[in-house]
Amino acid sequence: MLATAVIVFREVLEAALIIGIIAAATRTIPRSRRWLAGGVLAGLCGAALVAGFADVIGNLANGIGQEIFNATVLGVAVLMLAWHNIWMASHGAQLAANAKAVSKDIRDGGSELSAVLVIVGLAVLREGSETVLFLYGIAAGGNGGGASMLTGGIVGVLMGVAVGYLVYAGLLRIPLRWFFSATGVLVLLLAAGMASQSARFLVQADLLPSLTTPLWDTSNILPEDSMTGMLLHSLIGYDARPAGMQLVFYFCALIVIGTGMKWVAHRHPAKKKA
Amino acid sequence: MRRLLFAALLFQVSLLVPVAGLAEEEVPEYKLVLKNHKFTPAEITIPADKKVRFVIENRDDTPDEFDSRDLNREKVVMGNSKGMVYIGPLKPGRYKFRGEYHEATAQGVVIVK
């Protein structure tokens, strides 16, 4: 049961952290809760579908379908996080100033909210499909552990959700004048970490050169399967043994999105003071 | 802005296609079989500083995930099917791997010489 709980926790953690951060970052946007919930639901359906068609996906493109699929899902998530962050950079100050008097643009923030839905949905889909496959494997393996497996699975999910909620609750305690910069930086690092993960899949499938593996090895100091390592992996893309290509993707995402945020913030100086 | 994002997405996808064609050079292949949630061979020796390809054949009925922190690789292999993973070039050393869904038995190590 414990082993099951640990594995499920590992899978759920990343999605839970992403949801916690996005939930905090969008808390002042009207109707954002509904879209978040929609994202989770869509993600769960997607996860079941992906798990059901894992065979088909895996066999696509001469056996590297899984890597292409994962890299694409991550790539789309990075784009959506970028969109979200740039949107927040241009509307965040206004949202902070007065949640009730938000402009029509924000009230109709359909584009931003659909980005939120996609981000949350993809996070759940990616981690959820692996959880489904794992649990299916144990169930079908028939070690007579159906009930214990179910308990383990539920405990794992609950632990993951608890950590996600802690991050959410913690972020809400940040004073308002720091809040949008703090969530902005967190989302930026999330996006960079995902870009790095997507590079890892492309290297694994031999679609990109690794550019030195590993670039460094910090697995003795901070192993990736320690609690801190796992958290840092999900939050800022920490990798104990990254390929060089991962760093290239990481910093490209960081620079491109960061520049976009700065640029948009400069274009809306009036709103900043509103 | 939306159009820009869409263009960026298209660009990203279009990048993948030609690169896939370029990477066709001959790469040594190593076979791993997963049966009764155990790897055979459980110890596999590969040359240093050379990219290799692992073909993991899962002969069990249930999926497993070839997972290695040491190699920085993760790949789900469905029951009764094969999966392929590229590894390296690596420095000499020992790199552990496991089947994440059946960790108790599915353990192995890559020795790079």
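**Surface and backbone**

Modeller: Leu49(A) is exposed, with a relative accessibility of 52%. Bear in mind that this is a predicted model.

Biologist: Where does Leu49(A) lie?

Modeller: In helix H2 of chain A, which covers residues 32–52.

Biologist: And which residues make the nonpolar surface patch with Leu49(A)?

Modeller: Phe53(A) and Val56(A). With Leu49(A), they make a patch of about 300 Å².

Biologist: Switching to the backbone. Which peptide bond at Pro41(B) is cis?

Modeller: The one from Thr40(B) to Pro41(B), with omega near -10 degrees. Pro41(B) sits in the loop between strands E2 (38–40) and E3 (43–46) of chain B.

Biologist: What about the bond between Gly88(B) and Pro89(B)?

Modeller: That bond is cis, with omega at about 5 degrees. Pro89(B) is in the chain B loop between strand E7 (81–87) and strand E8 (93–99).

Biologist: Why flag these bonds at all?

Modeller: Because most peptide bonds are trans. Most residues other than glycine also have a negative phi.

Biologist: Is Asp206(A) buried or exposed?

Modeller: Buried, at 6% relative accessibility. The cut-off for buried is under 20%.

Biologist: And Asn72(B), what is its phi?

Modeller: About 60 degrees, a positive value, and Asn72(B) is not a glycine. Asn72(B) is in the loop between strands E5 (64–68) and E6 (73–77) of chain B. Asn72(B) is buried, with a relative accessible area of 7%.

Biologist: Now the strands. How many residues of strand E4 in chain B are buried?

Modeller: 6 of 7, so E4(B), residues 52–58, is mostly covered.

Biologist: In which sense does E4(B) pair with strand E1 of chain B, parallel or antiparallel?

Modeller: Parallel, over 6 bridges. E1 spans residues 29–35. Leu32(B) has Ile56(B) in E4(B) as its bridge partner.

Biologist: How many bridges join E4(B) to E7(B)?

Modeller: 7, and those two strands run antiparallel. Met84(B) in E7(B) stands opposite Val55(B).

Biologist: What do side chains do along a regular strand?

Modeller: They alternate between the two faces of the sheet.

Definitions and conventions
Residues are numbered from 1 along each chain as its sequence is written. Chains are lettered from A and ligands numbered from 1 in the order in which they are written. This is a predicted model: local features need pLDDT of at least 70, side-chain atom pairs count only at pLDDT 80 or more; totals for chains, interfaces and linings use all residues. Side-chain values use heavy atoms; hydrogens and water are left out. Helices (H or I, at least four residues) and strands (E, at least two) are DSSP runs, numbered from the N terminus. Buried means under 20% relative accessible area, exposed over 50%, partly exposed in between (1.4 Å probe, protein chains only). Patches are made of residues with over 30% relative accessible area and no salt bridge: like charges are joined within 9 Å, nonpolar side chains (Val, Leu, Ile, Met, Phe, Trp, Tyr) within 5 Å. Accessible areas come from the Shrake-Rupley method with a 1.4 Å probe; for residues, only the protein chains shown count as cover. A salt bridge is a side-chain nitrogen of Lys or Arg within 4 Å of a carboxyl oxygen of Asp or Glu. Two strands pair if DSSP finds at least two bridges between them.
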